[in-house]
Amino acid sequence: MYLHRLLSCSRCFTRPNALQMFSRAASQGKNPSFSPSLSLHAVRYWNNVPFFTVPLARAHGKSFGHRSELRQAKRIVVKLGSAVVTRGDECGLALGRLASIVEQVAMLQNQGREMMIVTSGAVAFGKQRLRHEILLSQSVRQALHSGQNQLKDMSLPVLEARACAAAGQSGLMALYEAMFTQYSTCTAQILVTNLDFHDDQKRRNLNSTLHELLRMNIVPIINTNDAVVPPPEPNSDLQGVISIKDNDSLAARLAVEMRADLLIALSDVEGLYDSPPGSDDAKLLDTFYPGDQQSITYGTKSRVGIGGMEAKVKAALWALQGGTSVVIANGTHPRVTGHVITDIVEGKKVGTFFSEVKPAGPTVEQQTEMARTAGRTLASLDSEQRSDIICALADLLTERKDEILTANKKDMELSVSTGRLSPAMLKRLSLSSSKLNSLSIGLRQIAVSSQESVGRVLSRTRVANNLELEQITVPIGVLLVIFESRPDCLPQQVSALAIASGNALLLKGGKEAANTNRILHELAQEALSIHGVKDAIQLVSTREEVEDLCRLEKTIDLIIPRGSSQLVRDIQRAAKGIPVLGHSEGICHVYVDHEASIDKAINIIRDSKCDYPAACNAMETLLVHRDLLRTPLFDQIIDMLRTEHVKIHAGPKFASYLTFSPSEVKSLRTEYGDLECCIEVVDSMHEAVDHIHKYGSSHTDVIVTENEETAEQFLQQLDSACVFWNASSRFADGYRFGLGAEVGISTARIHARGPVGLEGLLTTKWVLRGEGHTAADFSEQGSLKFLHENLPVAQPLPGRRTAS
């Protein structure tokens with residue numbers, strides 16, 4: 001029987017003599033069934049064929065402790081629940097979902113992994129076939145004997161599940177074979193019952209068969225033989241062995257028997273919840289640990305199948321104990337079905353991951369909740385108390401500088417030894433006594449400038465007599481700040497501004513600064529503890545992927561990336577439901593008008609490009625009015641750039657004026673971040689504005705001119721976060737603007753824009769104080785009238801101290 005199955009799958013063999021070798025082994029009297037002895041012989045024999053180079057599974061022992069390790073999984077079992085495979089009407093298969101699952105399994109198989117599928121669906125497929133046959137036969141009989149009028153009164157009998165399974169098995173397998181054929185992947189069907197696992201010889205035969213199929217790059221498709229299987233017996237598990245009651249227990253048993261690295265159980269729920277899904281307080285568990293069963297309340301089972309979530313958890317824990325990692329996830333959601341399996345294997349946060357390794361500290365979800373709770377208390381403190389916390393942190397930076405510098409030295413030595421960071425990144429990573437002193441001074445400036453920030457009254461209105469409305473500033477909530485190689489931004493540009501604005505903070509720093517970030521976070525929490533809000537700032541120390549953090553839309557209110565333009569772009573793509581404050585590129589322009597001052601133009605261009613070329617506010621494109629070509633001013637600009645070793649790229653229009661031009665620019669939308677820039681020619685100020693709108697990034701753009709009217713038109717027409725007249729683009733900075741510090745520069749068009757300091761971390765709320773007023777009082781039949789009178793902001797309302 002097994003030889004026949006392999007012969008039917010001959011397309012799997014890329015070498016024509018491979019099948020001949022197997023046939024020759026059978027013809028020489030060797031048992032064609034996969035006994036252990038033949039199995040060992042076949043392995044040696046097949047190893048001479050280059051096609052069979054699938055990597056072996058890792059040494060089986062303990063399960064993976066963290067999601068990121070799932071990338072190492074070689075042997076994977078995918079269990080498809082009835083709700084995943086079948087349609088909503090339970091008659092027939094969900095072909096679209098099945099096709100996407102097959103595509104993912106085939107892709108992983110072609111990567112060199114060993115894939116196995118435990119599938120449901122035979123009953124549903126058979127039910128569809130039998131109903132069709134019964135309906136067809138009934139319609140023929142009734143049409144012959146009773147006429148057409150009685151056709152609509154036909155009713156279908158209740159179909160017995162075993163009969164449906166018998167009718168559906170062949171069709172289900174044929175469908176799988178047809179789908180996998182599209183990816184040049186061969187499949188083999190295996191039907192099992194509980195008895196196959198109770199009999200040692202049968203279990204060994206099954207194990208040998210599966211191993212041989214995997215070695216020949218064939219995907220085994222396994223199912224319980226529902227046509228003959230008896231009903232499950234309650235409490236029939238043997239000691240230490242799980243009984244095969246459903247496909248959940250079958251998948252777990254097979255995964256352990258085959259020493260699989262990973263079992264992916266797909267169902268119609270997102271994963272495991274701490275209470276029945278759909279209830280008000282139900283929370284999806286990202287990770288589940290053995291021993292947590294007592295904290296779980298199970299709901300009802302899915303609409304089809306014979307198992308429920310309790311059965312899945314039991315099977316998952318049994319597999320985990322046997323050394324196989326498990327993830328339970330949703331395989332029916334249309335937005336994720338097409339990549340749910342590959343996402344899990346890539347270590348993304350999908351479904352519930354079962355792990356025996358419980359982290360020493362809280363999960364990132366717990367950290368976020370802790371930060372939110374403490375953040376509300378922080379926001380309720382008065383400005384003097386928040387200022388005390390910032391000053392305490394400033395003191396700690398100087399008092400504990402030896403600890404900080406020792407930790408920073410470890411990070412520097414490790415980064416140098418690995419060679420992963422560029423000299424510029426190493427410079428950013430490095431801390432010194434003078435830098436810590438500067439940070440301390442900066443914190444004290446923030447403490448002074450932050451007075452009366454939260455709770456400041458922006459407007460007051462007398463809506464009606466004894467009904468007064470005010471708009472006040474409040475914190476945004478929980479901020480997620482992701483930063484690279486800049487430990488100095490943790491205390492000043494991030495923590496201090498968050499404390500001053502009353503926001504909770506979740507920090508994710510780069511691993512290259514892990515030691516420095518850890519000590520700086522400890523100091524921040526020590527300062528916060530003087531007013532009992534230690535947990536308001538949390539440092540993510542677990543191995544959370546940035547993409548996973550960006551999915552916490554229910555607990556995080558704003559993401560602030562601090563790093564490369566690539567980091568910002570990645571976060572903007574990953575954060576679907578959370579606003580991101582920042583900019584992905586800093587393509588800044590300086591336009592030199594034909595009425596520009598020579599000295600001003602030279603100084604502004606030099607400072608904008610050469611002061612700090614890697615900064616996001618450095619000039620990347622120089623626009624020059626056409627009339628300046630072949631003038632002393634233009635010659636001096638070129639000479640200055642050459643003296644400063646700036647590499648020049650010619651824009652298309654500029655290149656057309658030159659006989660021998662510099663290298664023509666590949667794109668006018670380029671952020672060089674180095675001593676390079678593009679020069680392009682424009683015919684007018686209006687053309688310069690159009691060019692910037694087309695190729696710029698709405699960051700910072702400059703005009704150099706002595707014509708005030710031209711300058712004002714440029715400032716009004718240009719839609720960038722920062723627009724300057726006769727000033728370097730390097731002024732686009734929170735400190736230089738007098739904001740004390742900044743968390744970044746935003747090019748967004750709502751909320752904060754440009755350098756974002758303390759004010760950019762605040763939002764507003766409306767407070768209405770009345771004396772039993774109702775909307776009905778102001779209707780046509782009501783007795784009250786609206787006044788809507790503006791009141792002085794400085795005037796305090798009765799019983800409340802108003803911030804000045």
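The legends below describe several views of a predicted model of a protein.

**Notes for every view.** Residues are numbered from 1 along each chain as its sequence is written, and side-chain values use heavy atoms, leaving out hydrogens and water. Because the model is predicted, local features need pLDDT of at least 70 and side-chain atom pairs count only at pLDDT 80 or more, while totals for chains, interfaces and linings use all residues.

Figure 1. Helices (H or I, at least four residues) and strands (E, at least two) are DSSP runs, numbered from the N terminus. Of the 804 residues, 51% are buried. Buried means under 20% relative accessible area, exposed means over 50%, and partly exposed lies in between (1.4 Å probe, protein chains only). The accessible surface is about 36900 Å², and carbon and sulfur atoms hold 51% of that surface. Accessible areas come from the Shrake-Rupley method with a 1.4 Å probe; for residues, only the protein chains shown count as cover. Among contacts with a separation of 6 or more, 74% join residues 24 or more positions apart. A contact means heavy atoms within 4.5 Å.

**Figure 2. The largest pocket holds about 1900 Å³ of space.** Its lining has 50 residues, and L284, D286, E365, R551 and L552 are the closest to its centre. On a 1 Å grid over the protein atoms alone, a pocket is an open set of points where a 1.4 Å probe fits, with protein on both sides within 12 Å along at least five of seven lines; lining residues have an atom within 4 Å of a point. Grid points are joined across faces, edges and corners, and the volume is the space filled by probe spheres set on the points. Helix α13 gives the most to this lining, with four residues. Elements that supply at least two residues each include β7 (325-330) and α21 (565-574). By class, the lining of the largest pocket has 17 nonpolar, 14 polar and 19 charged residues. Ala, Val, Leu, Ile, Met, Phe, Trp, Tyr, Cys and Pro count as nonpolar, Asp, Glu, Lys and Arg as charged, and the others, Gly among them, as polar.

**Figure 3. The second largest pocket has a volume of about 1600 Å³.** Of its 49 lining residues, R428, R486, R562, Y612 and A615 are the closest to the centre. Helix α17 provides the largest share of the lining, six residues. Among the elements that give at least two residues each are α16 (423-429), β14 (558-562) and α21. This lining divides into 19 nonpolar, 17 polar and 13 charged residues.

**Figure 4. Eight strands form an open, mixed sheet.** The order is β3-β4-β2-β1-β5-β7-β8-β6. Strands β3 (186-192) and β6 are at the edges with a single partner strand each, so one side of each has no neighbour in the sheet. Two strands pair if DSSP finds at least two bridges between them. Strand β5 (residues 262-267) runs parallel to β7, with six bridges. Within β7, A329 stands opposite L266.

**Figure 5. Strand β15 (residues 588-592) has five of its five residues buried.** C588, V590 and V592 point one way, H589 and Y591 point the other way, and all are buried. Five bridges pair β15 in the parallel sense with β16 (residues 619-625). L622 of β16 is opposite V590.

**Figure 6. Strand β20 (residues 722-725) has side chains that alternate between two faces.** Strand β19 (residues 700-704) runs parallel to β20 and is joined to it by four bridges. V702 has F724 as its bridge partner.

**Figure 7. Helix α10 (residues 247-257) is mostly covered, with nine of its 11 residues buried.** The buried residues include N247, L250 and R253. After the helix comes R259, whose phi is positive, near 55°.

**Figure 8. S698 lies in the loop between α25 (685-695) and β19.** Phi of S698 is near 60°, a positive value in a residue other than glycine. Most residues other than glycine have a negative phi. S698 is buried, with 17% relative accessible area.

**Figure 9. Q367 has its place in helix α13.** With 5% relative accessibility, Q367 counts as buried. Leaving aside neighbours within four places in sequence, Q367 is in contact with P362, L506, Q538, L539 and V540.
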